[in-house]
Amino acid sequence: MSNQKKRIFQIEAFKNRVVVDPKYAEKTWKILEHAIHEIYNHNASGLSFEELYRNAYNMVLHKFGEKLYSGLVTTMTAHLKEISKSIEAAQGDLFLEELNRKWNDHNKALQMIRDILMYMDRTYIPNTHKTPVHELGLSLWRDIIIHSGKIQSRLLSTLLELVHRERTGEVIDRGLMRNIVKMLMDLGSSVYQEDFEKPFLEVSAEFYRRESQKFIECYDCGDYLKKAEIRLNEEIERVTHYLDAKSEGKITNVVEKEMIANHMMRLVHMENSGLVNMLLNDKHGDLGRMYNLFRRVPNGLAMIRDVMTSHLRETGKQLVTDAERLKDPVEYVQRLLDEKEKYDGIISLAFSNDKTFQNALNSSFEYFINLNSRSPEFISLFVDDKLRKGLKGVSEEDVEIILDKVMMIFCYLQEKDVFEKYYKQHLAKRLLSGKTVSDDAERSLIVKLKTACGYQYTSKLEGMFTDMKTSQDTMQGFCSSHPELTDGPTLVVQVLTTGSWPTQPSITCHLPFEMSALCEKFRSYYLGIHTGRRLSWQTNMGTAD
């Protein structure tokens with residue numbers, strides 16, 4: 001017989017000798033059972049984990065995995081029943097502390113037991129589809145401790161009572177709460193949800209239902225919203241301190257429904273403090289709070305937007321149809337600009353520059369500005385007033401700001417051609433009388449009109465400026481060619497292109513001989529340098545000293 005065959009025979013013989021020993025499994029299990037007892041009794045320091053691991057390894061290797069597993073279940077169950085009695089006996093605030101302490105002990109014991117039975121965890125358990133050691137320990141804890149008839153309801157009521165006490169201003173042990181809640185989460189999401197979260201949400205809904213009813217009777221809209229905001233932030237904070245992060249959306253939905261959604265209509269229309277009052281008094285803080293709270297509930301922002309739109313249209317209608325205000329076009333437009341600036345500020349500072357609110361603002365202004373057919377004329381008169389005298393001494397940046405504001409109002413006009421008709425008349429008077437405060441401001445506004453309405457809209461306006469420049473050059477040439485005229489009457493001629501300037505009925509004017517002679521000299525000079533043109537004197541558009 002070869003040496004290799006001898007070795008195989010000896011190993012098989014050894015295995016057979018071990019397996020056939022009827023007391024082997026019992027003795028080995030007793031060693032392991034004693035170790036588990038010692039672990040639960042906090043006497044593990046004297047144990048040899050290497051030896052214990054080897055014993056468990058050999059039991060599994062020699063087909064005693066079932067005895068090892070069932071023995072583990074029985075031993076752990078017995079210990080957990082004793083632990084359950086200890087927890088049940090704890091009184092008052094000590095109940096959660098004892099539960100937490102025993103849970104920590106159980107987890108430490110479970111870790112050591114799992115290390116000893118690692119080989120069983122890796123081989124026997126997967127092959128027999130049994131529950132792994134750690135999960136087994138959690139399941140037994142859940143069934144024997146948490147779902148104990150004397151512990152389950154007491155645990156829930158204790159947790160809910162602590163939450164209630166915290167909501168009413170008491171300080172609780174958040175660290176202990178976090179540990180207990182984490183224990184429920186470790187036992188499985190269904191344990192956390194069914195044993196705590198679901199009843200927690202139901203109790204919270206009832207709490208906020210009653211509180212919101214009390215608040216709405218006692219506080220005005222602004223103060224109520226502050227209370228709701230505080231409560232919402234408290235619940236978010238509570239989640240971060242000791243609840244599952246997934247609970248945040250659920251508990252905030254409860255607060256939003258009970259404190260906001262169920263009272264939206266009453267809050268918005270609350271007398272002397274609702275939305276309209278906030279708009280009238282520029283209460284940006286309260287408006288921002290309402291926006292941020294209402295955006296969390298279905299149709300919340302739509303309600304704010306609709307009420308704002310209705311109020312804005314009504315006040316705007318009064319503004320543009322008030323007979324007293326129509327007597328002063330400049331004041332009329334200034335009121336429109338002030339109103340626009342006011343609501344732009346509200347949307348920017350309180351409504352997060354919400355595009356839907358900006359659209360509502362634009363549609364409202366377009367609605368009521370066009371109720372008054374004289375709005376285009378009044379806007380042109382406002383510009384005329386500013387460019388004649390109102391912008392004198394104003395910095396270039398401030399001029400641009402004022403012109404931009406005018407353009408915002410202009411864009412709401414449906415009859416932009418009517419504005420262009422009046423604007424052309426007013427611009428002509430300013431240019432011909434030389435009473436514009438700033439050519440740069442005049443040109444800047446035309447550029448803005450061109451950007452808004454296109455080249456065709458401003459082509460005649462630009463032509464007017466071209467004529468003024470050409471006329472200056474023409475007069476210089478005329479004076480240079482007639483140096484003898486320096487001692488007599490002076491003549492300044494503006495040559496205006498027909499079609500670019502507003503037409504006015506020509507009135508016959510009999511000029512003195514001296515002026516008629518000058519006019520004739522200018523005609524001869526002008527027609528001498530421009531062929532095919534005809535001059536028609538518009539004395540009614542000029543001035544004389």
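Modeller: A cavity here is a set of points, on a 1 Å grid over the protein atoms alone, where a 1.4 Å probe fits but cannot get out, and lining residues have an atom within 4 Å of a point. This is a predicted model, in which local features need pLDDT of at least 70, side-chain atom pairs count only at pLDDT 80 or more, and totals for chains, interfaces and linings use all residues. Residues are numbered from 1 along each chain as its sequence is written, and side-chain values use heavy atoms, with hydrogens and water left out.

Biologist: Which residues line the largest cavity?

Modeller: About 30 Å³ of space lies in this cavity, a volume being the space filled by probe spheres set on the points, which are joined across faces, edges and corners. Helices α2 (24-40) and α5 (94-116) each give two or more residues to its lining. The lining residues are L32, I36, I113, I116 and L117.

Biologist: Is H426 buried or exposed?

Modeller: H426 is found in helix α21. Leaving aside neighbours within four places in sequence, H426 is in contact (heavy atoms within 4.5 Å) with E377, S380, L381 and D384. Buried means under 20% relative accessible area, exposed over 50% and partly exposed in between, with a 1.4 Å probe and protein chains only. At a relative accessible area of 11%, H426 is buried.

Biologist: What is the volume of the largest pocket?

Modeller: A pocket is an open set of points with protein on both sides within 12 Å along at least five of seven lines. The largest pocket is lined by 46 residues, with V493, Q494, L496, W537 and Q538 nearest its centre. Its volume is about 1600 Å³.

Methods
Helix = DSSP H or I, 4+ residues; strand = E, 2+ residues; numbered from the N terminus.
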